[in-house]
Amino acid sequence: MKNRKGWALFLIVGLSVAAALIASPAGAWLLHPVTPVARDVRSLFYKAVAITAFFFIVAEGLLLVAVLRFRAKPGVPAATWHENLRLELVWTAIPTLAMVVLSGPAFSTMKYMETIPKSDVQIEVVGHQWFWEYRYPKYGVIFANEPLVVPAGKIISANVTSIDVVHSWFVPDFGIKMDANPGRINHVWFQVDHPGTFEGQCAELCGVLHGKMFITVNVVTPEEFERWIEQKKKGV
């Protein structure tokens with residue numbers, strides 16, 4: 001009875017932790033993705049979970065059968081065999097084949113993420129200890145310690161770098177996490193479906209105030225974006 005209560009408690013705690021992680025801001029890409037990249041990543045995640053869950057259930061089921069059916073019994077000698085080459089080949093080949101099948105959509109998603117399409121707006125994201133600087137080269141607009149503003153429905157390409165240590169620009173709803181490395185420019189893109197405010201944070205330990213290095217992205221309509229740009233150019 002105690003063992004059953006222990007396993008039940010373990011299961012409840014495990015499910016609670018999993019639910020908390022999914023419901024946290026870091027799990028936003030899973031619950032409500034707002035970019036094509038985030039949706040692609042979520043689809044790949046579901047496929048991976050489905051395949052691995054199948055093998056997990058089969059393996060744990062066989063283990064449970066072995067524990068219950070073949071446990072030690074008085075007067076019954078233990079089995080002496082210790083290998084079955086054919087069985088070992090089968091249970092190695094099947095998961096390997098499953099991983100090969102999964103690698104197709106995985107590589108497709110990676111290529112989709114890394115292929116930067118022709119952008120409508122180009123920005124530069126520069127990490128500092130401990131704030132973000134944003135630049136709009138086309139408009140001559142530069143600012144820091146303010147929310148990034150981009151138009152909804154438009155393709156945004158970002159050149160991400162740092163001037164001091166390694167940072168990471170992470171906005172969960174966008175399905176984006178791009179390292180900002182000193183002396184190197186990394187490229188990322190996103191296209192947000194609708195206006196809104198989206199939060200993120202530096203995801204690379206970068207010093208004592210790393211936990212305060214927040215990210216806010218205000219996604220507005222294209223018309224609002226043009227008005228905002230004009231105000232910024234005037235220094236408003």
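**View 1. Hairpin formed by strands β1 and β2 in the predicted model.** Two residues lie between β1 and β2, and the two strands together form a hairpin. Strand β2 covers residues 131-136 and runs antiparallel to β1, to which it is joined by five bridges.

**View 2. Parallel pairing of strands β1 and β5.** Strand β5, residues 156-162, pairs with β1 in the parallel sense, and the pairing extends over seven bridges. Within β5, I156 is the bridge partner of V121.

**View 3. Burial of strand β1.** Strand β1 comprises residues 121-128. Of its eight residues, six are buried, that is, under 20% relative accessible area; β1 is therefore largely enclosed by the rest of the structure. In a regular strand, side chains alternate between the two faces of the sheet.

**View 4. The chain surrounding the close-up views.** The secondary structure of the chain consists of five helices and 10 strands. The chain has 236 residues, 30% of which are buried. Its accessible surface comes to about 15300 Å², and carbon and sulfur atoms account for 66% of that area. Considering contacts between residues at least 6 apart in sequence, 65% join residues at least 24 apart.

Methods
Residues are numbered from 1 along each chain as its sequence is written. This is a predicted model: local features need pLDDT of at least 70, side-chain atom pairs count only at pLDDT 80 or more; totals for chains, interfaces and linings use all residues. Side-chain values use heavy atoms; hydrogens and water are left out. Helices (H or I, at least four residues) and strands (E, at least two) are DSSP runs, numbered from the N terminus. Buried means under 20% relative accessible area, exposed over 50%, partly exposed in between (1.4 Å probe, protein chains only). Contact means heavy atoms within 4.5 Å. Accessible areas come from the Shrake-Rupley method with a 1.4 Å probe; for residues, only the protein chains shown count as cover. Two strands pair if DSSP finds at least two bridges between them.
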